[in-house]
Amino acid sequence: MFSLLDTPLSSLMDLIVNPKVKTTEGEGIRVCSLARNTSGPPAAAAPLDPVPAAADLSPTLSIKWRKLLLFATLCLTPYLLLLYLLDVERRMLKSILINLAMSVGAFFLTIFLIPIVSVYVLRRNMFGYDINKRGSPAGTVKVPESLGLVTGVVYLVVTILFQHSYFTPENTISESFPPENAWLTEYNAALACICFMLFLGFVDDVLDIPWRVKLLLPSIAALPLLMAYAGRTTIVIPKPLRSSLGLKELNLGWVYKLYMGLLAVFCTNSVNILAGVNGLEVGQSVIISCAVLIHNVMQIAHNSGEIQHAHAFSIYLMQPLVATSLGLLAFNWYPSSVFVGDTYTYFAGMALAVVGILGHFSETLLLFFLPQIINFIYSIPQLFKIVPCPRHRLPSFDPKTGLLTGSNDMNLVNLFLRWFGRCSEQQLCIRLLLFQVLACGFCFALRYFIAGWYK
């Protein structure tokens with residue numbers, strides 16, 4: 001069995017200070033290894049490659065301002081119009097606008113930090129090659145990995161600072177203190193889950209954790225939320241079933257908390273497996289987040305009391321997510337200058353899961369995740385090794401035409417190429433994001449038509 005005691009101290013120190021790493025193509029995953037000498041005394045440590053100077057590692061990053069402005073306008077305009085037109089209580093609207101202003105600052109801070117952090121991750125050999133450009137000059141460029149870390153850190157800083165302008169020091173409800181203070185414990189529990197998932201996502205990027213272990217990571221990260229959750233564990237029985245069951249509500253108890261944990265597992269992994277195209281991971285997260293914001297502001301305008309505060313709670317977490325994600329998308333849109341890594345997909349998935357759970361609209365959230373559900377169901381045979389599953393389930397790239405061709409791998413990316421024909425990577429991303437928009441629109445239409453009948 002391998003033991004650190006069998007390794008020369010000098011080799012260990014070299015590994016810590018300047019690790020020799022190898023990079024998995026397309027993912028930028030670092031795999032550190034120490035070789036054991038089993039024949040005779042330990043050999044002297046081999047000299048390690050010197051770390052290039054920061055000036056030599058400065059990546060060429062491009063911000064797609066025009067495309068970003070178009071995408072952000074299309075996504076955010078419906079929400080901002082509703083926020084302006086609908087009747088939102090004055091004090092709550094003030095908090096939403098403060099949070100929005102802080103989110104705008106988070107966007108520019110993300111834009112500022114990504115080029116700086118890119119130098120550091122390249123210095124540690126955390127980079128990948130874009131497989132969808134293999135055979136072309138762009139396929140030989142070292143692309144900085146795990147830049148979702150910047151988005152996550154900026155997000156956490158902004159959401160933590162926002163507490164100062166919204167929550168009072170006392171965490172109780174009385175005539176003197178507003179009811180939103182009751183959300184403080186769950187607000188911090190949500191941030192703890194997101195922070196935990198951000199950390200585990202970065203660990204996955206560095207250590208390349210196997211899939212069977214990845215499934216457990218969201219369960220671990222969701223523990224702060226499950227332990228702090230003090231809300232209702234009842235579900236409303238649909239009206240068509242009430243006469244036969246004789247119940248209007250059903251208390252699920254611990255089963256409801258199990259459902260919360262499973263929802264966190266699904267949201268984080270579903271974003272992670274619908275990926276592999278420049279801009280797709282961040283784009284789908286932004287669209288779902290904007291759909292959640294639209295749902296939140298509509299519910300605030302047509303409800304009162306606890307329901308209002310639950311959806312305001314969701315807005316306070318979603319606005320910074322949209323802003324920081326757009327800052328990342330500025331560099332990740334085709335052609336991508338940075339890779340987001342599992343760090344971002346896990347972080348964004350957990351942020352969406354906690355607002356769905358604590359905002360009590362998990363059913364609506366799952367409808368927003370319709371493309372991810374379809375992708376997961378379609379991918380089950382490969383994910384569970386019923387049929388062979390390659391390391392990267394990506395289409396093939398033709399460097400002569402610049403077009404992608406769908407492979408036989410079972411995911412939406414390849415299915416779209418087989419159904420709608422070959423296309424460029426950017427066109428493929430736009431098609432998949434349009435499908436995400438249609439799914440969110442279908443969710444709103446379904447809620448409208450069954451309102452008053454289903455519940």
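Colleague: Why is Gly231 called partly exposed?

Modeller: The relative accessible area of Gly231 is 32%. Buried means under 20% relative accessible area, exposed means over 50%, and partly exposed covers the range in between (1.4 Å probe, protein chains only). Gly231 therefore counts as partly exposed. The structure is a predicted model, in which local features need pLDDT of at least 70 and side-chain atom pairs count only at pLDDT 80 or more, while totals for chains, interfaces and linings use all residues. Residues are numbered from 1 along each chain as its sequence is written, and side-chain values use heavy atoms, with hydrogens and water left out.

Colleague: How many helices and strands does the protein have, and what share of its residues counts as buried?

Modeller: There are 18 helices and eight strands. Of the 455 residues, 48% count as buried. Among contacts (heavy atoms within 4.5 Å) with a separation of 6 or more, 75% come from residues 24 or more positions apart.

Colleague: What makes the pair Asp130 and Lys133 a salt bridge?

Modeller: A salt bridge is a side-chain nitrogen of Lys or Arg within 4 Å of a carboxyl oxygen of Asp or Glu. For Asp130 and Lys133 the N to O distance is 2.6 Å, and the pair is a salt bridge. Asp130, at 8% relative accessible area, is buried, and Lys133, at 7%, is buried too.

Colleague: How many salt bridges are there by this rule, and which residues do they join into one network?

Modeller: The count comes to three. Glu425 forms a salt bridge with Lys133, their closest N and O atoms being 3.0 Å apart. This pair links distant parts of the chain, with Glu425 in helix H18 (residues 425-450) and Lys133 in the loop between strand E3 (127-128) and strand E4 (143-144), 292 residues apart. Both Glu425 and Lys133 are buried. Arg422 forms a salt bridge with Asp398, where the closest N and O atoms are 3.4 Å apart. Arg422 is partly exposed at 43%, and Asp398 is partly exposed at 24%. Salt bridges that share partners join Asp130, Lys133 and Glu425 into one network.

Colleague: Why does His311 count as buried, and which residues is it in contact with?

Modeller: The relative accessibility of His311 is 5%, and His311 therefore counts as buried. His311 is placed in helix H13 (residues 306-332). Leaving aside neighbours within four places in sequence, His311 is in contact with His295, Asn296, Gln299, Ile300, Gly359 and Phe361.

Colleague: At what angle do the axes of H6 and H13 cross?

Modeller: Axes are lines fitted to C-alpha atoms, for helices over the stretch in contact, and angles run from 0 to 180 degrees between N-to-C directions. The axes of H6 (residues 184-207) and H13 cross at roughly 35° and come within 12 Å. Glu186, Tyr187, Ala190 and Leu191 of H6 meet Phe313, Tyr316 and Leu317 of H13. By class, this contact has six nonpolar, no polar and one charged residues. Ala, Val, Leu, Ile, Met, Phe, Trp, Tyr, Cys and Pro count as nonpolar, Asp, Glu, Lys and Arg as charged, and the others, Gly among them, as polar.

How values were computed. Helix = DSSP H or I, 4+ residues; strand = E, 2+ residues; numbered from the N terminus.
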